[in-house]
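Trainee: I have a new model open and would like to go through it step by step. Where do we start?

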Amino acid sequence: MMDMLDDDLSASSALVVDANPTSRSILVSQLRDFGMGAVVQCARLTDARRQLEYRKFDVVLCEHHFAGENTSGQDLLDDLRRNQLLPFSTVFIMVTGEATYTKVAEAAESALDGYLLKPHKATQLGERLRQARVRKASLQEIFSAIESQDFELAANLCLKRFITRGRFWLYAARVGAELLLRVGKYDQAQKLYQAVVDAKTLPWAKLGVARSLLDEGQTGKAVSTLENLIKEDPSYTDAYDVMGRAQFEQGRFEAALETYKMASELTPSSITRLQNLGMMSYFAGKSAQAEHYLDRTTRLGLDSKMFDCQTLVLLAFVRLGRGDSKGLQRCRDDFSRLMERYPDSRRHQRLAGTVDALLLIAQRQYAQMIQVVRTLCKQIKDPEFDYESASNLVSLLAQLADKAIQLEEVDAVIDALGLRFAGTRALSELLAGAASAHPAYAARIRSAHAQVLKLAESAMTLSLSGDPRAAVNNLIQHGSSTLSGKLIETAYLVLHRYADKMTDVHDLAERVQTLRSRYSTHITRASLGEQKRQAGGLTLRVGTAAS
């Protein structure tokens with residue numbers, strides 16, 4: 001029937017997703033004829049999502065259009081990839097009718113393994129499967145390097161494939177650009193994406209250019225590229241994701257909110273986009289909207305791996321502010337369900353503690369609450385104490401102050417958090433927004449931000465006046481005392497720029513790198529929840545066998 005019949009598929013598994021029972025039955029029957037060992041079938045995308053989150057399949061055949069649903073097979077694929085839930089080894093083929101052919105064919109150019117146009121013959125399905133498996137085998141060397149976390153080798157292999165226009169060069173270019181972004185070579189990634197645009201204009205390549213510009217700090221150019229891309233294709237949801245991220249990093253929360261709202265409206269069943277919208281509403285100070293979206297995210301996605309537990313924390317803060325003790329208790333009950341699934345996650349434990357603290361405030365158990373807060377305050381200089389922890393603690397302290405409970409050490413804690421985490425305007429305003437229940441704390445955070453900028457400017461003046469070594473030493477000294485990501489990263493930049501003009505560079509570099517690694521200061525961007533895959537990117541999973 002097809003060339004692949006010589007392959008032994010008896011140990012392989014497939015998932016067929018199609019609302020039409022006749023069409024579904026045909027696909028299942030054909031796969032079984034090819035010798036597929038196990039075939040699971042679903043009529044709804046929600047059931048398919050659940051299957052794919054908790055089980056690995058070798059092949060997925062998914063219908064693109066589902067009548068009466070606000071989401072498509074492509075939306076499901078995008079969500080799975082965005083959250084790194086679909087292994088490279090899985091062959092994903094979209095099944096489509098004439099009406100959606102163009103859109104699906106375009107997607108197949110970049111990240112799909114293939115598409116199948118209805119009505120089809122068994123030989124056509126067989127050929128699509130064969131082509132997908134050939135591509136997997138052809139790129140095996142690249143993905144073996146990724147599995148062993150040798151990203152430099154993998155990127156070089158991709159570049160070679162692209163330059164020579166070897167087999168599957170377009171796909172290799174996309175993977176290579178992702179790898180370059182991962183290792184921080186933003187300029188090279190941008191050039192590779194641009195080369196793809198020049199060779200064959202594709203939306204994902206243009207989006208890659210914007211992502212590279214954004215990662216390189218050229219936010220204005222990134223926004224301009226994104227505006228043009230959205231103008232060309234108003235339905236390209238990944239472009240809205242990246243635009244929202246750009247606006248968020250600029251501190252333009254209202255604009256980011258509108259952009260995230262548009263992305264969510266385009267894909268109403270996307271848990272991650274609804275989650276982003278809820279979180280952005282919270283940080284923009286829209287508490288009523290935030291509660292609506294965060295609650296909807298929880299009801300839609302609590303049992304999904306795409307659900308981020310910070311959603312429940314922010315929902316708990318909103319409900320405490322509204323005096324909704326029953327709603328707050330539901331947040332705690334939902335968190336208990338999450339903890340059963342992630343009992344060993346330190347992040348889940350930390351965030352569950354925040355919700356517990358809010359419940360103590362609601363129950364007016366202030367003595368116990370003060371003990372919890374003091375314990376948290378002692379952790380603010382720990383290496384694993386991150387921006388998310390800082391934001392939640394600031395909100396917690398602001399809630400206590402709003403209840404006229406102020407501890408002696410709190411001002412010093414707020415100052416320390418501001419110096420450590422408010423390195424950019426966006427980060428500063430985000431942290432100040434977390435303190436909205438007590439404006440005096442917001443003012444202290446903004447003051448800390450100004451102090452950090454002054455220290456950085458002072459060091460840069462030394463550098464420009466011909467003494468970069470003194471500038472680096474100055475930045476290391478203040479960076480060590482404040483743990484400021486801004487100051488530590490500025491030390492890193494000055495050191496690399498003027499390395500040829502300094503003595504004892506190795507010793508300085510070692511001190512700076514120790515600080516960067518210990519406190520993860522190279523991660524200086526604001527983000528919503530736990531970021532997995534960047535919008536528009538390709539999932540490059542590490543630690544699972546690729547085939």
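Trainee: How many bridges join strand β1 to β2?

Mentor: First, the ground rules: this is a predicted model, where local features need pLDDT of at least 70 and side-chain atom pairs count only at pLDDT 80 or more, while totals for chains, interfaces and linings use all residues. Residues are numbered from 1 along each chain as its sequence is written, and side-chain values use heavy atoms, with hydrogens and water left out. Strands (E, at least two residues) and helices (H or I, at least four) are DSSP runs numbered from the N terminus, and two strands pair if DSSP finds at least two bridges between them. Strand β1, residues 13–17, runs parallel to β2, and the bridges joining them number five.

Trainee: What is the strand order of the open sheet?

Mentor: The sheet has five strands with parallel pairing. β2 (38–42) and β5 (114–117) have a single partner strand each, so one side of each lacks a neighbour in the sheet.

Trainee: Which strands does helix α5 touch?

Mentor: Helix α5 covers residues 122–138 and packs on the sheet. Its direction makes about 145° with that of β4 (axes are lines fitted to C-alpha atoms, for helices over the stretch in contact; angles run from 0 to 180 degrees between N-to-C directions). Contact means heavy atoms within 4.5 Å. The strands touched are β3, β4 and β5.

Trainee: Is T298 buried or exposed?

Mentor: T298 lies in helix α15. Buried means under 20% relative accessible area, exposed over 50%, partly exposed in between (1.4 Å probe, protein chains only). T298 has 6% relative accessibility, so it counts as buried.

Trainee: Which helices do the buried residues of α13 pack against?

Mentor: Helix α13 spans residues 253–266. Its buried residues include F253, L257 and Y260. They pack against α12, α14, α15 and α22.

Key: The expected span of a helix is 1.5 Å times one less than its number of residues.
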